[in-house]
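Welcome! Try each task on your own before reading the solution.

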Amino acid sequence: VFLTEDPHVRDTKLDPLGPKDFRFTASKDGKTLYAFAMDWPEAPRALIESLSGEQISAITLLGYGAVEWSQNGDGLLIKLPPEAPCLHANVFRIKLK
């Protein structure tokens, strides 16, 4: 058990989160996936490795709009705008087929 700087206790020690780290939640009907970017990448694209096999119809970056994307064996590749639309939390709304 590790005591963090804020008043929380964790059962494991966490490494800092970076631009390859995403957290997910889904709509109740399961047709929309929300991917929360834990850090904004310096590269003009983001790769979500865990979504290489999902059937996707559209992706929107909340606070910005539709973004270009493609999939391959490495995962879901999203083309990013030059600047993050938000300083704290950037979320991709991923519509599933």
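**Exercise 1. The aromatic pair**

How many aromatic pairs does a search of the whole structure find?

Solution. Keep in mind that this is a predicted model.
- Step 1: the search of the whole structure finds one aromatic pair.
- Step 2: the partners are Phe22 and Phe92, with 6.5 Å centre to centre and 55° between the planes. The pair counts as tilted.
- Step 3: Phe22 lies in strand E3 and Phe92 in strand E10, so the pair ties together parts that are 70 residues apart in sequence.
- Step 4: both Phe22 and Phe92 are buried.

**Exercise 2. The order of the strands**

Solution. 
- Step 1: the order is E3-E4-E10-E6-E7, and the pairing is antiparallel.
- Step 2: strand E3 (22-26) and strand E7 (65-66) are the edge strands, since each pairs on one side only.
- Step 3: begin at E3, which pairs with E4 over five bridges in the antiparallel sense. Here Ala26 stands opposite Leu33 in E4. The hairpin of E3 and E4 has five residues between the strands, and in it Gly30 takes a positive phi near 75°.
- Step 4: go on to E4 and E10, an antiparallel pair with six bridges. Ala35 has Phe92 of E10 as its bridge partner.
- Step 5: strand E10 (residues 90-96) also pairs with strand E6 (residues 56-61), antiparallel and over five bridges. Leu61 stands opposite Phe92 in E10.

**Exercise 3. The core**

Which residues touch the most other members of the largest nonpolar core?

Solution. 
- Step 1: this core has 17 residues, and those that touch the most other members are Phe22, Ile48, Ile59, Leu76, Ile78, Phe92 and Ile94.
- Step 2: strand E4 (32-37), E5, E6, E9 and E10 each supply at least two residues of the core.
- Step 3: now look around Ile59. Leaving aside neighbours within four places in sequence, its contacts include Leu76, Ile78, Phe92 and Ile94. Trp69 is also one of the residues in contact with Ile59.

**Exercise 4. Two residues up close**

Is Asn90 buried or exposed, and what about Leu33?

Solution. 
- Step 1: Asn90 has a relative accessible area of 6%, and buried means under 20%, so Asn90 is buried.
- Step 2: Asn90 has its place in strand E10. A polar atom of the Asn90 side chain lies 3.0 Å from the backbone oxygen of Cys86. Beyond neighbours within four places in sequence, the contacts of Asn90 include Phe36, Trp40, Leu61 and Pro85.
- Step 3: Leu33, in strand E4, has a relative accessible area of 14% and is likewise buried.
- Step 4: not counting residues up to four places away in sequence, Leu33 touches Phe24, Leu51 and Phe92, among others. Leu33 and Leu96 are 63 residues apart in sequence but 7.3 Å apart in space, C-alpha to C-alpha.

How values were computed:
Residues numbered from 1 in each chain as written. Predicted model: local features only at pLDDT ≥ 70, side-chain atom pairs only at ≥ 80, totals over all residues. Heavy atoms only, no water. Pairing = 2+ DSSP bridges. Helix = DSSP H or I, 4+ residues; strand = E, 2+ residues; numbered from the N terminus. Phe/Tyr/Trp six-rings, centres within 6.5 Å; stacked < 30°, edge-to-face > 60°. Buried < 20%, exposed > 50% of the residue type's maximum accessible area, 1.4 Å probe, protein only. Core = buried A, V, L, I, M, F, W, Y, C linked by side-chain atoms within 4.5 Å. Contact = heavy atoms within 4.5 Å. Polar contact = N/O pair within 3.5 Å; in protein donor to acceptor, adjacent residues only side chain to side chain.
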